Each structure stands twice: as C-alpha cells, then as structure tokens.
Amino acid sequence: MTGRSADWALAVAMAVLAGFVDAVGFLRIGGLFVSFMSGNSTQLAVEVAQRGGRWALPVALILGFVAGVMVAAILAARLGRWSGAGMILLCTALLAWAALLMVDGAGAVLLAAAMGALNVVFQRGGAVGIPITYMTGTLVRLGQSLAGALMGIAPRAGWLPYLLLWSGLMAGAAGGAVTYTAWGTDALWGATCFSLALAVVAALAGVGAGPRRRDG
C-alpha cells in the first residue's frame, strides 16, 4: 500500500470514529454537534437573532473545537513524523475524559476538542490535506472529482476516496446512534478504544502530519 493509500485508509477509519462520536454527542446534548461546527454556528446565529437562551453551549463547543485544533497543530510542529499518532492519542485522551464526565457540560466541550484535534492529523504545510469531520468540503471535492472524471481531465476513480470518507462518517454515525441507545454515554469507551487502535496504526504505518516517508 502506498503512503497516500495508507493515509486515505486511516482517514476513512477516522471518519467512522468522528461520525460515531458526533452521533453520541448529538443525542446526548440534544441537537448540537461536537464535530460539525457549521451547524453549531448556524444554531448560534439563530439563537442570537431570536434572542433565545441557548447560546452558551454552541459558543463553548466552537471554542473547544478551535482549542483542539490549536493544541494539535502545536503538537504537529513538535513531534515530527510521530505527530499523526500523537494527535490521535490526544483525541483518545479527550474521549476518555469526556466519557468519565458522561458528556455533561465540560464533557461535550472535550468531545469537540477531540474532533478538532482529529482534523489536523493530515495537515501538510499548514493546510489540512484530508478533511475528517467537515463533510461539506468532502462532498464539494466529490462533485469536482466526478465532473473532472466525466470530462476526462481527472483520474476516473479520483472521486472514490471522497465517497468512502463520507460513507465512513455515515456508517460511524449510524453505529453511534445504535450504541448510544443501548449503552448511553458508555458507548464512548468503545470509541476511545478504537481511537487508541488508530493511534497505534498511525505510528506503525508512519502516516499523518509528519514528513512523508518514501515508499518501497
């Protein structure tokens, strides 16, 4: 498997994790998201415009997400080739902490920070190469890749990774909803174990935000 293929395989698995966690958070805190900050921003704007009282939690979730991105970006600059595994370990620790708090109050913000950190794993030169939780951008790239394939100016299967990324998040969200119904916030312990396994895979495969290794 090439380095690029390994990155995409890990990214799809991370999208499954993100979908799972987002579904658990959504169901626990009642209609807000821990990874989809566009949705929370819209909710915040509506609350402010209508003078509603539910504005503090969207603000806290957005700030938590940004904080997770910031801490992960600093880690990426410090850890080199181990930064991908390091950021997933950060996500793992935050998930475990949120599970201990049962996603109440600060626990929801910790989940948002975990999802923020996850988005920086594939940072390249200060820009995110593979988006993990913001599916609007992924669907835009899917549409662009399909158009390019139809016009013969892009690889014929170039759209497939974006479809797999979206499908992974959908599958994870469905699994999160089912598991939350059965186990409540204890479902996050399964997500924590899965995140830890992804960190090990990232370390062994040498994928993530660190310098690209040579294949072969």
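Leaving aside its neighbours within four places in sequence, with which residues is Ser-195 in contact? In this predicted model, Ser-195 lies in helix α8 (residues 187–205), where helices are DSSP runs of H or I with at least four residues, numbered from the N terminus. Apart from those sequence neighbours, Ser-195 is in contact with Leu-17, Ile-88, Cys-91, Thr-92 and Leu-95, contact meaning heavy atoms within 4.5 Å. Ser-195 counts as buried because its relative accessibility is 0%; buried means under 20% relative accessible area, exposed over 50%, and partly exposed in between, with a 1.4 Å probe and protein chains only.

The model is predicted, and local features need pLDDT of at least 70, side-chain atom pairs count only at pLDDT 80 or more, and totals for chains, interfaces and linings use all residues. Residues are numbered from 1 along each chain as its sequence is written, and side-chain values use heavy atoms, with hydrogens and water left out.

The expected span is 1.5 Å times one less than the number of residues. Of the 18 residues of α4, 13 are buried, so this helix is largely enclosed by the rest of the structure. Just after α4, Met-102 adopts a positive phi of about 60 degrees.

Helix α6 (residues 135–151) contains 17 residues and reaches 24 Å from its first C-alpha to its last, close to the 24 Å expected. Its buried residues are Met-135, Thr-138, Leu-142, Ser-145 and Gly-148. They lie on the same side of α6 because they cover an arc of only 140 degrees around the axis, the arc being that of the directions from the helix axis to the C-beta atoms. An α-helix has 3.6 residues a turn, so residues three or four places apart point the same way. On the other side of α6, Thr-136, Gln-144, Leu-150 and Met-151 are exposed. The cover over the buried residues of α6 includes α7 (160–183). Just after α6, Gly-152 has a positive phi of about 75 degrees.

Attention now turns to the largest pocket. Its lining includes Asp-22, Phe-33, Met-135 and Trp-166. The elements giving two or more residues to this lining are α1 (3–29) and α7, and the largest share, 4 residues, comes from α7.

How values were computed. On a 1 Å grid over the protein atoms alone, a cavity is a set of points where a 1.4 Å probe fits but cannot get out, and a pocket is an open set with protein on both sides within 12 Å along at least five of seven lines; lining residues have an atom within 4 Å of a point.
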